[in-house]
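Visitor: Hi! I'm new to reading structures, so please walk me through this one.

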Amino acid sequence: MDQWRKGRVIENRHWNERLCSLKVAVELPVFKAGQFTRVALPDGDDMLARAYSLVNAPGEPYAEFYFNKVPEGPLSTRLHQLKRGDPLYISTTAAGFLTLSEVPECQHLWMLATGTALGPFLSILKTDEPWRRMDKIVLVHGVRSPDELTYQSVIQGFIAQHPERFESVACVTREQISGTLPQRIPEAISSGDLERAAALTFDPAQTQVMICGSPAMVADSMAALKEKGLRKHRRREPGHISVEIYK
Ligand SMILES: Cc1cc2nc3c(=O)[nH]c(=O)nc-3n(C[C@H](O)[C@H](O)[C@H](O)COP(=O)(O)OP(=O)(O)OC[C@H]3O[C@@H](n4cnc5c(N)ncnc54)[C@H](O)[C@@H]3O)c2cc1C
């Protein structure tokens with residue numbers, strides 16, 4: 001059973017008609033970058049709760065969630081409407097295995113995200129750990145349209161801090177945008193376009209991949225990576241791919 005801490009909305013940034021980032025003043029659970037917690041609003045005598053990844057890094061003085069308004073979605077449509085000062089509830093615990101503590105040592109780290117699944121990777125990239133452990137990091141964000149390429153100033157900040165070690169690649173499927181790939185992430189893996197765009201190969205001897213997104217995106221990306229010789233990482237059977245599925 002969840003226990004709840006009451007928080008207050010500091011900001012509800014609407015990037016477009018669907019995408020939002022909520023910043024919340026709340027006592028945060030202990031968490032590792034990349035983990036999720038549960039967010040809730042009262043619903044009659046119950047709480048209506050869903051899992052959301054934390055976009056903020058441990059130590060930042062607020063909680064941040066990045067989400068989209070799912071059509072007819074019970075909670076996301078209500079979160080979308082929240083205003084500064086409104087109350088909402090955060091679980092007292094965090095969970096999830098999309099963390100660097102689960103990722104074996106490697107030289108090259110790829111982070112593959114679609115849509116709002118970008119959030120946990122921003123949390124990880126804000127910490128020191130990936131920059132201490134990996135030589136090169138590639139962040140891949142798959143979206144349908146360019147107005148979904150959010151958090152560009154944060155990503156530009158990583159590029160400015162680590163120009164030789166960080167690559168950011170966007171895959172935009174519904175419009176041709178210069179400087180982006182026009183395929184879904186799995187197709188960009190299979191075609192080799194993603195490796196060319198990042199100037200890095202999926203060499204199994206050097207590579208770890210973290211994937212976050214919908215069930216279809218995660219399954220299709222894993223299948224494409226398998227063709228490159230990478231397999232799922234398990235604690236008892238070390239491999240190359242760690243995943244979190246938003247469903
Ligand atoms: C571990 C975990 C972490 C998650 N973190 C995030 C996050 O950081 N940001 C986020 O936006 N969502 C996240 N989700 C999904 C989130 O928990 C909700 O399901 C989503 O916000 C919709 O909630 P809802 O109550 O409006 O509709 P629901 O009743 O939960 O879902 C309605 C439908 O929408 C689909 N759906 C779920 N998530 C999405 C999505 N992101 N985009 C499109 N369709 C979706 C569901 O599969 C379902 O078919 C996460 C899910 C899990 C399991």
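Guide: Happy to! Residues are numbered from 1 along each chain as its sequence is written. This is a predicted model, where local features need pLDDT of at least 70, side-chain atom pairs count only at pLDDT 80 or more, and totals for chains, interfaces and linings use all residues.

Visitor: Okay, so how many bridges join E7 to strand E10?

Guide: Six bridges join E7 to E10, residues 207-213, and the two run parallel. Strands count as paired if DSSP finds at least two bridges between them.

Visitor: And how many bridges join E7 to E8?

Guide: Seven, and E7 and E8 also run parallel. One example is His-108, whose bridge partner in E8 is Lys-136.

Visitor: How many of the residues of strand E7 are buried?

Guide: Six of the seven residues of E7 (108-114) are buried, so this strand is largely enclosed by the rest of the structure. Buried means 20 or more other C-beta atoms within 10 Å of the residue's own; 12 or fewer is exposed, and in between is partly exposed, with C-beta atoms placed from the backbone. Over the whole chain, buried residues make up 37% of the 247 residues.

Visitor: Let's switch to the start of the chain. In what sense do strand E1 and strand E6 pair?

Guide: E1 (residues 4-14) and E6 (residues 87-95) pair in the antiparallel sense, over five bridges. Arg-5, for instance, stands opposite Ile-90 in E6. E1 also pairs with E2 (residues 19-25), antiparallel again, over six bridges. There, Glu-11 has Lys-23 in E2 as its bridge partner.

Visitor: How many residues lie between E1 and E2 in the hairpin?

Guide: Four residues come between E1 and E2 in that hairpin.

Visitor: Zooming out, what does the domain assignment of the chain give?

Guide: Domain 1 covers 4-95 and domain 2 covers 100-245; such bounds come from an automatic or database domain assignment. Taken over C-alpha atoms, the centres of domain 1 and domain 2 are 24 Å apart. Their contact takes 14 residues from domain 1 and 15 residues from domain 2, where residues in contact have C-beta atoms, placed from the backbone, within 7 Å.

Visitor: What gives the most to the side of domain 1 that touches domain 2?

Guide: That would be E5, with three residues.

Visitor: Now for backbone angles. What is phi of Glu-72 near?

Guide: Near 65°, a positive value in a residue other than glycine. Most residues other than glycine have a negative phi. Glu-72 is in the loop between E5 and H1.

Visitor: Is Glu-72 buried or exposed?

Guide: Glu-72 is exposed, because 7 other C-beta atoms lie within 10 Å. Tyr-151 also has a positive phi, near 55°. Its place is the loop between strand E8 (136-143) and H4. With 17 C-beta neighbours inside 10 Å, Tyr-151 counts as partly exposed.

Visitor: Last one: how many helices and strands does the secondary structure of the chain come to?

Guide: Seven helices and eleven strands. The C-alpha trace spans about 50 × 40 × 35 Å along its principal axes.

Notes:
Two residues are in contact if their C-beta atoms, placed from the backbone, lie within 7 Å.
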